[in-house]
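I opened this model to look up its charged pairs, its nonpolar cores and its sheet. My entries follow in the order in which I looked.

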Amino acid sequence: MFEEPRFTADSLRRQTEAILRAWGMAEPTARTTAALMVETDLLGVESHGVSMLPQYDTLRSSGRLQLTAQPQVLRDGPATALLDGGAGLGHAVSAQAMQLAVDKARNLGIALVGVRNSHHFGAAGVYARIAQRQGLIGLVTSSAQGVLLVPTRAAEPVLGTNPIAFAAPVPADSHNTAFVLDIATTTAAANRVKVKALRGEAVPSGWVVDGQGAPVTAPQAARTQVFDAPDGGLTPLGGSEDGGSHKGYGLSLLAQVLGGTLNGGAFAPLHRRSHGPSAPANVGHSFIAIDPSFFGEPGDFAHELDAILDVLHATRPADPSRPVLVPGDPEARQQAERGQHGIPLPPALLLQIRGLAAAAGVDELLEPAAPFGRN
């Protein structure tokens, strides 16, 4: 079986940061952005990590993405704030926004910080984890630049993948990892289709449909259907009306309203009509932090959640070889494995990253990880 080449997380961070800086991003912003992108790959969410670099390059070349942008605080209240991302990548402004929400929630119990005029921010879960690591609950919603989700009963896409993420802490000495739910509101995120195409792997039936609602499973055809075709696209979470796709459709709209519309972010179909397809996307995000100590005795929440996770882990599985997991478990295992053995890159993506580095005049900084079984 072919083993994809693996590279150390540190070298992938340095390579990503070097490319972003060569594109004009300020050093602190590039450092934060690269760290969050590689953290995403370490967690196994490779659809939203460094595999996004080629798309970012296309967007910056078209003028839709301003990599020199510096976030601005537009409004600042006791439990709320609103930031402007300057049409730049969403990673650094989102980390700033969540940390600001955490700081405010420590004083008042709960806080919401919104972002407008942003762009793709990677995986929503990495921002919910910022709150969780500090003992708070984090909730993240976002709109999206892409028009990819086909609403229940529709033939054409209207909404984005519009993620929702939630993270909650357990005691520091627990054998459980934190509860981290990070989901697209489509059956699968668009960039998971992209990764399938990079590897030449068939797309599971139910992820992508054509304009007549028929499944598209061939990898390149599915990618074209999602990113280039005027009809069809991604199914809402649930896959079909009989499977409950109205729930995914509703959750996508919820994320649009809470993450985008609330903060002055765009609704992509209307934005494209009024501004044209080449304008900055004006993606919106919302970051909510909740301090559990305002609702109970300090430590009670984390210990109660820990007990809940224990019950779930102890639930008798239908297949003894496949134990019951809780949200966050797969990512924790990937983080441990990839931290030790490196991050795999599909050969097609590796060629793209090397090409981007060469075009930007950046040295290749990637370092192969030690092979399995060697220290």
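**Entry 1: a partly exposed residue.** I began with Glu 201, which is partly exposed at a relative accessible area of 33%. For this I took buried as under 20% relative accessible area, exposed as over 50% and partly exposed as in between, with a 1.4 Å probe and protein chains only. The side chain of Glu 201 meets that of Lys 196 in a salt bridge, 3.4 Å from N to O. I counted a salt bridge where a side-chain nitrogen of Lys or Arg is within 4 Å of a carboxyl oxygen of Asp or Glu.

**Entry 2: ground rules.** The model is predicted, and I noted that local features need pLDDT of at least 70 and side-chain atom pairs pLDDT 80 or more, while totals for chains, interfaces and linings use all residues. Residues are numbered from 1 along each chain as its sequence is written, and side-chain values use heavy atoms, with hydrogens and water left out.

**Entry 3: other salt bridges.** How many salt bridges does the structure hold? I found 14. Glu 4, Glu 46, Arg 199 and Arg 338 are linked in a network of them.

I then looked up Glu 39, which forms a salt bridge with Arg 133, with 3.5 Å between the closest N and O atoms. Glu 39 lies in helix H2 (residues 27–42) and Arg 133 in the loop between helix H5 (125–132) and strand E5 (137–142), so the pair ties together parts 94 residues apart in sequence. Helices (H or I, at least four residues) and strands (E, at least two) are DSSP runs, numbered from the N terminus.

**Entry 4: Arg 14.** Arg 14 forms a salt bridge with Asp 10, the closest N and O atoms being 3.1 Å apart. Both lie in helix H1 (residues 9–22), 4 residues apart, which is about one turn of the helix. Arg 14 is partly exposed at 31%, and Asp 10 is partly exposed at 40%. Leaving aside neighbours within four places in sequence, I found Arg 14 in contact (heavy atoms within 4.5 Å) with Leu 365 and Glu 367.

**Entry 5: cores.** I took a nonpolar core as a set of buried Ala, Val, Leu, Ile, Met, Phe, Trp, Tyr and Cys residues joined through side-chain atoms within 4.5 Å. The largest one has 30 residues, of which Trp 23, Val 50, Leu 53, Tyr 56 and Leu 345 touch the most other members. H1, H2, helix H3 (53–62) and helix H12 (347–359) each supply at least two residues of this core. Apart from it lies another core of 29 residues, including Ala 111 and Val 180.

**Entry 6: the sheet.** In what order do the strands of the open sheet run? The 7 strands have the order E2-E3-E4-E10-E5-E6-E7, with mixed pairing. Two strands pair if DSSP finds at least two bridges between them. Strand E2 (72–76) and strand E7 (179–183) are the edge strands, each pairing on one side only. E2 and strand E3 (residues 80–84) run antiparallel and are joined by 4 bridges. The bridge partner of Val 73 in E3 is Leu 83.

**Entry 7: His 285.** His 285 sits in strand E10 (residues 283–290). This residue is buried, at 0% relative accessibility.
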